Amino acid sequence: MISFFLCLALLIVGFFVYGKIAEKVFGPDERETPAIKMADGTDYVAMSTPRVFLIQLLNIAGLGPIFGALAGAVWGPSVFLWITFGTIFAGAVHDYMVGMMSMRHKGASVSELTGTYLGNGMKQVMRVFSVVLLVLVGVTFSTGPANLLAMLTPNVLDARFWLAVVLIYYFIATFVPIDKVIGKVYPIFGICLIVMAVGVGGAIIIGGYHIPEITLSNLHPSSTPIWPTMFISVACGAISGFHATQSPLMARCMKTEKDGRRVFYGAMVAEGVIALIWAAAGVAFYNGTGGLAEALTAGQSAVVYEICFKLLGPVGAVIAMIGVIACPISSADTAYRSARLTLSDWFKFDQKPIKNRLILTVPLLAVGAFLTQIDVQIIWRYFSWSNQTLAMIALWSASVYLYRKGRLYWVTAVPATFMSAVSCTYILMAQEGFKLSTSIAYPVGIIFAALCLGTFVFTCVLKKGKNANAPAAEEPA
């Protein structure tokens, strides 16, 4: 249990120490934000910092830090280290830099930011890649809450019924002004999320459950390698490319750049805390990785329900389950919203008229509804890899941005290199990838990461940034 509290303390300290370092590296100032300069009453709407923080937290959280943390905990308490250090040095930096870059570029989506700093070819790749990822997120976070709602209601209101209700809600929330539904409801859901995390964590500690100390040993029942599978499985609980699609939403709603650390870096640290609690709860509640792995065969939703009900009782379980349900719903509707905005940026399609929003919203939700008929576990595996690959690309974009501004680019280049190795190695050895042996996947993944770093250093640093003075479409201070 000492390891758990140490990691919890490190996450909090990381926000105040490394978060300020990241803030100093970027250099926020007093310039007018897109929410003020480009206010349109639909997507560019200025909101208070606490409200923006809660919306950002709910947008990025979803079932990721819960399902991902439970999946990662099957390897044992070594997952505590990845959640903690991954959040502080990679995930929170990633979210902060993308959010702040978006604010400097009129609230641009991550695909447009990538094009600005990595070239037009990468922009086209990222446009397709990010829209596909966002739809996968919408699909993944549709079936999860539908199953959880079905557990809490009479049998006549089954998962199919709730799936239809959830999809209808997504349709509405995707095209209405951001302050009409998201801005009003999410802060309430945020309270439920906080109550859920505190309740589950407190019940584990007070209930006398044993949280094992950190060990680097692989405790996975089937001996699945920690590298890189655990780093992919945890996903949102440590670093997530999905967040790069969400931060621009709030970049269009912030009143001042100087609140960026609290909103972007802070929300990721909060998500890291949630993931840490659920990872600890998984191994403690089921008395080890073997029991957790066996419980997960019934589905992650069933595990969440059992933990909440037995730890908190009927009333506490309902409160906790509301938080767990609100998380994925809040991420999925903003995923579809981000997909709509990515497409609108792509095709320069004005989104103020309702008709234009519907033209993009209807086909997006139709595709999402069709994909819900596929096994969500299959979709989750592809989501996890594409998620971390998008994070890798976003970090390299941020590295080029920082270099051009004469800033300390290593704060993003180091995690970008690490995530390059993770993403490449995983797709080479995964069942949904090339199914190569670790003797091939491991060295190739390392070589790929080295090539990415070498390309960055050669292009930007050694050649003194041939394109360093290229126009970046950034608003002047």
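Select Thr-42 to start: beyond the residues up to four places away in sequence, Thr-42 touches Pro-177, Ile-178, Arg-337, Gln-351, Lys-352 and Arg-357, a contact being heavy atoms within 4.5 Å. The model is predicted, so local features need pLDDT of at least 70 and side-chain atom pairs pLDDT 80 or more, while totals for chains, interfaces and linings use all residues. Residues are numbered from 1 along each chain as its sequence is written, and side-chain values use heavy atoms, with hydrogens and water left out.

Thr-42 sits in the loop between helix H3 (34-37) and helix H4 (49-61); helices here are DSSP runs of H or I with at least four residues, numbered from the N terminus. With a relative accessible area of 4%, Thr-42 is buried (buried is under 20%, exposed over 50%, partly exposed in between, with a 1.4 Å probe and protein chains only).

Next, select helix H2 (residues 18-26), where Tyr-18, Gly-19, Ala-22, Glu-23, Val-25 and Phe-26 are buried. Seen down the axis of H2, these buried residues fall within an arc of 160°, so they line one face of the helix; the arc is taken from the directions from the helix axis to the C-beta atoms. Just after H2, Gly-27 has a positive phi of about 80°.

Now show Tyr-44, Lys-106, Ala-108, Asp-345 and Lys-348, which are the closest to the centre of the second largest pocket among its 23 lining residues. The volume of this pocket is about 540 Å³. On a 1 Å grid over the protein atoms alone, a pocket is an open set of points with protein on both sides within 12 Å along at least five of seven lines, a cavity is a set where a 1.4 Å probe fits but cannot get out, and lining residues have an atom within 4 Å of a point. Points are joined across faces, edges and corners, and a volume is the space filled by probe spheres set on them. Helix H7 (110-118) and helix H15 (300-347) each supply at least two residues of the pocket lining.

For the largest cavity, select Gly-107, Ser-109, Val-110, Thr-245, Pro-248, Leu-249, Arg-252, Ser-338, Leu-341 and Thr-342, which line it. Helix H12 (242-251) and H15 are the elements that give two or more residues to this lining. The volume of the largest cavity is about 70 Å³.

Most residues other than glycine have a negative phi, and most peptide bonds are trans.

- Trp-227 and Pro-228: the peptide bond between them is cis, with omega near -5°. Pro-228 lies in the loop between helix H10 (182-206) and helix H11 (229-234).
- Asn-287: phi is near 60°, a positive value. Asn-287 is in the loop between helix H13 (260-285) and helix H14 (289-296), and at 69% relative accessibility it counts as exposed.
- Lys-435: phi is near 55°, again positive. Lys-435 is in the loop between helix H18 (410-429) and helix H19 (438-462) and is exposed, with a relative accessible area of 55%.
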